[in-house]
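Subject: Structure for your review

Dear colleague,

Please find below the structure that I am handing over to you.

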Amino acid sequence: MKENLLKTSELEIDETGAWLSIGDLMSALLMIFALLFIVALLSLQEAAEQAKNSRIVIIQSLQKNLNDEGINAKINPETGDISILDSLLFDSASSILKPAGKEFLSKFIPVYSKALFTNQQVSDEIVYVVIEGHTSSAGSNQSNMKLSLDRSQSVYDVIADMNFPEKDTFLNKILASGRGEIEANQTQDDAEDRKVLFRFQFKSERFLQWFLEQRIVGS
């Protein structure tokens, strides 16, 4: 009888000890995952900060160079996006670049590409440069989407025919996109909505967006 009690007691101790060991292991694993998560967040924060600093350098360089060349272009001081009104580039409802539009691009593109691609470290961080066509809300959604895409393609075609030092790098990173009236004022026909937009994106920003999307999906 005593032997049975001793065996039962030893079994309970062994089982308890085993559970304690598993519990300790799980706690250790949770701590490791927590540390890895913190390290990942810190890395993302560092990458985002580097991207922000690089973007600031590019924006400052762009603004200075455009001013020096007497090129009038609207730069977003936070994103570096550059808006060019379609009235400068195209006739109404047309996707064929006007002579004045071609002349503007011949001055603007070399300055823009120099600011983005002269520094190899910055150039390597740029995933792509998007040329976006935008329209106002006047007209049908379908026609506006086609017009915006045709205009961005026309700008790309002119760039492809130009000669400037960073041309090959620039062309390899260009995406031509039509946004139609998606971002336009839907209550009125606003001339400010009819434009071609140049924007660039860094690798770290793309990864940060992917990471945030994964967290949203997993939550």
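This is a predicted model: local features need pLDDT of at least 70, side-chain atom pairs count only at pLDDT 80 or more; totals for chains, interfaces and linings use all residues.

Residues are numbered from 1 along each chain as its sequence is written, and side-chain values use heavy atoms, with hydrogens and water left out.

Helices (H or I, at least four residues) and strands (E, at least two) are DSSP runs, numbered from the N terminus. Five strands form an open sheet with mixed pairing, in the order β1-β2-β5-β3-β4; two strands pair if DSSP finds at least two bridges between them. Because β1 (74-75) and β4 (174-180) stand at the edges with a single partner strand each, one side of each is left without a neighbour in the sheet. Strands β2 (residues 82-85) and β5 (residues 195-202) run antiparallel and are joined by four bridges; Ser83 has Leu197 in β5 as its bridge partner.

Helix α3 (residues 99-117) packs on the sheet, where it touches β2, β3 (126-134) and β5, and its direction makes about 15° with that of β5. Contact means heavy atoms within 4.5 Å, and angles run from 0 to 180 degrees between N-to-C directions of axes fitted to C-alpha atoms, for helices over the stretch in contact. Helix α5 (residues 141-161) also packs on the sheet, touching β3, β4 and β5, at about 155° to the direction of β4.

The largest nonpolar core has 37 residues, of which Ile82, Phe108, Tyr112, Leu116, Ile159 and Phe198 touch the most other members. Such a core is a set of buried Ala, Val, Leu, Ile, Met, Phe, Trp, Tyr and Cys residues joined through side-chain atoms within 4.5 Å. Its largest share, nine residues, comes from α3.

Ala93 is found in the loop between α2 (86-89) and α3, and its phi is near 65°, a positive value in a residue other than glycine. Most residues other than glycine have a negative phi. Ala93 is exposed, with a relative accessible area of 63% (buried means under 20%, exposed over 50%, partly exposed in between; 1.4 Å probe, protein chains only).

Yours sincerely
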